[in-house]
Amino acid sequence: MSGDVPPNPLAAGSDAVRQAPPGILVVVGASGDLTARKLLPAIEQLSRRRLLPRSFAVVGVARTELDDDGFRKLMTDSVPHAGAGWAELVKRSRYVTGEYGDPSTFQTLGKVLGEVEADIASTGNRTFYLATIPAVFELVADGLGAAGLNRPANEQSAVRLVIEKPFGRDLDSATELDAALHRNFDEAQIYRIDHYLGKETVQNVLALRFANAIFEPLWNRSFIDHVQITVAESLGVEKRGGFYETAGALRDIVQNHVMQVLSLTLMEPPGTIDAQGIRDEKVKALRSVVIPTLESVKTDVVRGQYDSGWSEGVAVQAYRQEPDVDPNSRTETFVAMKLMCDNWRWAGVPIYVRTGKRLPKRVTEVALQFHRVPHLAFGTAESQGLRPNALVLRIQPDEGVALRFGAKVPGQAFNVRDVLMDMSYGSAFMEDAPDAYERLLLDAMVGDPTLFIRSDEVDQAWRIVDPILEAWQGRAVPLSGYAAGTWGPRQAEQLIERDGRQWRKP
Ligand code: BG6
């Protein structure tokens, strides 16, 4: 397949050559929320930035009855301030209505793809994006396979399958899903999306670590006291109560987004910055994370659920009062935990993770706190409030990197205080960052899997999360309430304070 040796997107200066090849993006689940909210705006941005060729088209497939014009209207309505090229692209788009379990849906799709390819003079690159509910992933993959749409028509083209999380509900179901996908698609054809990997600041973890001489020598147990990863949201579950009831914070955020950020933070330097080099090292890092046990879950993992409270000055209701949520729900909206990574680099360095909805603000960051100096020669009064050095990678919002260190306060006395050396993306660069979906869609169409999750990464992440889910099935681990607008239950503070440390207040 021509897409098997893609240009390396993380190599310096590769932007100029990264244009999608001629082909079709097939969105399965095209009438759904993800398509309208994320995919169509991302495609429009790619078109506006001239990263899509003229011989490119979108074909939608879904159960909702629509004709081509209905889908074109949906495309137009989803991008209210579209650039000049959008109307042209919309005109070339087609739509297929059908049930995913009905073979004729995929036969019709095959016919339509042939017509569009003749129309746009494409050689046959096809990217199938499964924007459906996970329950039909298998059905769709089988349908594509049965209609022969899983393989490229010729040597010059590639067929790829993009899927969204959740990748299973636990290790067993993730393995089953993979087996089902692999019935029709090779692993090299499967692109598992985690939109955190499309964020510039997440990719910057690699740049910061491996493009600088000053950080990496300190990036280990000899210098780092502990790591804190925070993925905080101020929003509640909004209208997604029904979905969230089946997920909870551990499955929704920890198994994927947190594990991705964690593996990039902990991994060893790869020999090459490419799909295999990076993903091999990420998997190795996840393998070194100590698997929780029933006993350690009791002490090292806290689960919480928000009660009513205040969010940005507005009174908000408890999780159990949200639409489509069971009034006696035991689903967690908050998780805090302490992980350890048993390898040469990280032995003995705790990694504290917390994530939750209805926390005081929306902030995602990775903070590495360094050891205290071995001997503080200043008097207590002079160095009051001086904290250990910290390097903070602000993933979002206010993207940037900050280093905290002590400095002399100007004046006759010799007082020392914390100061911040702060790099902000907004002021350091003129370029605006592409949206995560824009970046990842282009990567999938170009055929670069570097920022997608390989099947063994999914497995390793479940290996860490599964025992926690299991321990939570009984009542041995309490579910603690926290007022909306606070940093989670008191038990989360105790988890870290027990070790003589404190959560950061981002
Ligand atoms: C999604 C979760 O994967 O990530 C949502 O399903 C969550 O519950 C979202 O709100 C957070 O993404 P971001 O990019 O806003 O941090």
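Student: Which residues surround the ligand?

Tutor: A residue is near a molecule if one of its heavy atoms lies within 4 Å of it. Here the ligand is surrounded by Lys165, His195, Tyr196, Lys199, Glu233, Arg240, Asp252, His257, Lys357, Arg362 and Gln396. Please note that this is a predicted model, in which local features need pLDDT of at least 70 and side-chain atom pairs count only at pLDDT 80 or more, while totals for chains, interfaces and linings use all residues. Residues are numbered from 1 along each chain as its sequence is written, and side-chain values use heavy atoms, with hydrogens and water left out.

Student: How many residues of each class does the shell around the ligand have?

Tutor: Ala, Val, Leu, Ile, Met, Phe, Trp, Tyr, Cys and Pro count as nonpolar, Asp, Glu, Lys and Arg as charged, and the others, Gly among them, as polar. By this scheme the shell holds 7 charged, 3 polar and 1 nonpolar residues.

Student: Where do polar side-chain atoms lie relative to an oxygen atom of the ligand?

Tutor: A polar contact is a pair of N or O atoms within 3.5 Å; within protein, one must be able to donate a hydrogen and the other to accept it, and residues adjacent in sequence count only if both atoms are side-chain atoms. In this model, a side-chain N or O atom of glutamate 233 is 2.5 Å from a ligand oxygen. For aspartate 252 the distance from a polar side-chain atom to an oxygen of the ligand is 2.6 Å, and for arginine 240 it is 2.9 Å. On its own the ligand has 400 Å² of accessible area, of which the protein covers 81%; such areas come from the Shrake-Rupley method with a 1.4 Å probe, and for residues only the protein chains shown count as cover.

Student: Is aspartate 324 buried or exposed?

Tutor: Buried means under 20% relative accessible area, exposed over 50%, and partly exposed in between, with a 1.4 Å probe and protein chains only. Aspartate 324 counts as exposed because its relative accessibility is 59%. Its phi is near 65°, a positive value in a residue other than glycine. Aspartate 398 also has a positive phi, near 50°, and is partly exposed at 49% relative accessibility.

Student: How many residues does helix 13 have, and what span does it reach?

Tutor: The expected span of a helix is 1.5 Å times one less than its number of residues. Helix 13 (residues 455–473) has 19 residues and reaches 26 Å from its first C-alpha to its last, close to the expected 27 Å. Of its 19 residues, 14 are buried.

Student: Where does helix 13 bend?

Tutor: The bend at a residue is the angle between axes fitted to the seven residues ending there and the seven starting there. Helix 13 bends by about 35° at isoleucine 464, and proline 467 follows within four residues.

Technical notes
Helix = DSSP H or I, 4+ residues; strand = E, 2+ residues; numbered from the N terminus.
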